[in-house]
Amino acid sequence: MIPELGHFALILAALVSLILGTLPMIGAHTNRQAWIAVARPAATALAMLVTFSFACLTQAFVANDFSVVYVAQHSNSLLPIEYRVAGVWGGHEGSLLLWILMLTWWAFLVAVFSRELPDTMVARVLGTLGLVGFGFLLFILLTSNPFERLLPGAAEGRDLNPLLQDPGLVIHPPLLYMGYVGFSVAYAFAIAALLSGKLDAAWARWSRPWTMAAWIFLTLGIAMGSWWAYYELGWGGWWFWDPVENASFMPWLIGTALIHSLAVTEKRGSFKNWTVLLAISAFSLSLLGTFLVRSGVLTSVHAFATDPRRGIFILIFLVAVIGASLTLFAARAPKVGLGGRFGLVSRESLLLTNNVLLVVACATVLLGTLYPLLIDALGAGKISVGPPYFNAVFVPVMSPILFLMGIAPFARWKDASVADIAKAVKWALAIGVIVAIALPLVYGQWYALTALGLFFAAWIVATAILNFIERVQHTRAGRSFLATAFSQPRSFFGMHLAHIGIAVFVIGVTMVSSYQDEKDVKLAPGQSVDVAGYHFTFNGVKAVEGPNYVAAQGDFDLAVDGKFVRKMNPEKRNYHSSAMPMTEASIDAGLLRDVYVSLGEPIDRDKPEGEWAVRVYYKPFVDWIWGGCVLMSLGGLIAMLDRRYRVKARAATQLPAGTQQA
Amino acid sequence: MKSRHKKLALIGGALAIIGIIAALVLNALNSNIALYITPTEVAAGKAPQGKLFRIGGLVKEGSIQRQADGVTIAFVITDTAKDIPVAYKGILPDLFKEGKGAVAQGKLNETGTFVATEVLAKHDENYMPPEAAKAVDDAQKAANKHVSPSSAEAAKAGN
């Protein structure tokens, strides 16, 4: 009964989203207040219906209702409760339901936190979100209904894919989807602005915090996925340039360009067309990502068994969304170029360069990701584009961005002087060069790329500090340094924190790719292996039992300089319900390095007490990669909470009180 | 005049940057593409010599053998028509199994053994890499023009 209620709620939701996507839009066009007023309640109803539907599916999982096909395929009565809940988005149908849940929540939040916006604007934004939601609801109902029944019901479920039975999975997809779907709000704002013909600074200011929020979630989601791959897959890598990873990275690159471009539009009124185009692109790439993941057209580590018909639906949806948006853009975008005059060297020109480079970076990733599809479609054979392509292209494209990141905060709007900037950053340059020359030598061998990476990291941190000091000195006006420092706007703190996050990330990437070490060896109990000064002694394996699996658990002693540090217990798990073995690595994490051991296979299958193939890693600074991402997100969060986004809201709430008194 | 000069400088600079990037991308793309080649094609001598490529098919039943060092593994990839011996040093992905689809990347050595540098992992026991499926499909179509079993059935047949 409950699954049917969920299904019914989903059908109602599709109808409500259609109403939300049409009535307020027409109302805004023909200026009918009653129709415009439909937007907020409809968005609220939509969110409630989808939430109810999602709750129904969750209930089916928690209650082990194996008469629902989707539950029977992705759960098991032995599955611990937290993974039963996470199992809701462990497969195609449920993850789409999560997608639409996120979309309707974003729309609901816009409906709640948009009191300072004109009603017609709200109507158009929510209407756009309604149309997108309608497309996805239709997709779920027609091709991927999670509530489909299995008659007679299965006695036992097939269990959740063991790879997904991990705390990382509980939060990775929701974070990522919040980011993906969050760009729909930036997109909806852009479409609303195009429809109204009012692309102005106010639009950019409304759009900014929403875009930032989406970007924060996407950053965390990607970082979470990378971390999960690192510890769960047992390959020791953190990024594989896999098509599905690229699919999440492309909207991130464009989203990063978008938040910078929005800043220019808000502060200077320039780059309007460009900003709109970026907002459309960011969301289109999110849709493309969904298509790539869900259609299975590419060989990928994320490629689960998929149904090509679904791919075609998303492809049509994608073409419709992009086509309609670009047509609207072509018809409505103001034909004034970049708008606002600025000098060859100015903050605008530097941010424009940053934008162009980010877009180029995204284009190269897109090319590398879609090239195999293109070649295949042309009948020229099947090919794959490997990580070396991405590395070869990415370093040269990203390097100027990292360099400009240090300079742009010093550049004035409109016209900046090269001499002034050079004077302001000369010490940062010196520090960068010293670090680049010295640090790799301290650590081991000197490589040019290592030096380059460390130079950029030091450069970004040093310029951020110098810029901060400079700004405080300029705005001091007799107050103490500290008091002035703390009274800086949050967006300024946020910017530098996020940039320092990039520096931390660059340090992690540079160090781990320069100085990591790994060994694959055969070990008998009692034997040991050394990697980068870490001594692993293998004491054999023993059988252990988990809730829904049995595992061979390795027993290793980790020692440094002859001193025992800790036990390490990697596992090789066999899940009861699927014949799928799983490697659980054991990681000793540290601020400056991780050491990592994982079990391969017993050399002789029938003698698990004997020799094993074992992989050990030494990963210097690897945690800085994710630490950097967390700092970036934190910076984004602080910037998002800047007072100027709320001043108007407060003014709006105070106004009715004031009028009552009068 | 001055603003026109500025514009020219901007456009010129942008074109130069785009040119450099395009050259970079094409060069990188050219040297990092791996072709997919089916075992039948390899047997027919169509594999590039000394260049990385990818091979897809089924891991032949009973073909996995571990070498004395414990970490080098020999196995056979087949599209049901032709068999290609493969050697790989390292730890195999969890879902690598006899009778299942697999994709490996590497080079052919002088003795005709495919030396793999990478064996692609999958996330799902029921997933068949499309390239592996296609290799098997092609071979079976060639073998029997009347019956062309779907790749899924072929994968099951290998089980």
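Mentor: Let's start with the core, then look at a helix pair and at confidence. Keep in mind that this is a predicted model, where local features need pLDDT of at least 70 and side-chain atom pairs count only at pLDDT 80 or more, while totals for chains, interfaces and linings use all residues. Residues count from 1 along each chain as its sequence is written, with chains lettered from A and ligands numbered from 1 in the order written.

A nonpolar core joins buried Ala, Val, Leu, Ile, Met, Phe, Trp, Tyr and Cys residues through C-beta atoms within 7 Å. Buried means 20 or more other C-beta atoms within 10 Å of a residue's own (exposed is 12 or fewer, partly exposed is in between), with C-beta atoms placed from the backbone. The largest core has 250 residues, and A:Ala107, A:Leu126, A:Ala186, A:Phe189, A:Ala279, A:Ile460 and B:Ala104 touch the most other members. Helix H8 (residues 167-196) of chain A gives this core the most, 19 residues; helices are DSSP runs of H or I, at least four residues, and strands are E runs of at least two, numbered from the N terminus.

Take A:Phe189: beyond neighbours within four places in sequence, its contacts include A:Trp203, A:Trp206, A:Trp210 and A:Ala279. Contact means backbone-placed C-beta atoms within 7 Å.

As for the helix pair, helix H18 (residues 490-515) and helix H19 (residues 622-640), both of chain A, have axes 7 Å apart. By class, their contact has 20 nonpolar, eight polar and one charged residues; Ala, Val, Leu, Ile, Met, Phe, Trp, Tyr, Cys and Pro count as nonpolar, Asp, Glu, Lys and Arg as charged, and the others, Gly among them, as polar.

Finally, pLDDT is the predictor's confidence in each residue, from 0 to 100, and the chain A mean is 89. Helix H20 (residues 644-661) of chain A is lowest in that chain, at a mean of 49.

Key:
Contact = placed C-beta atoms within 7 Å. Axes fitted to C-alpha atoms, helices over the stretch in contact; angles between N-to-C directions.
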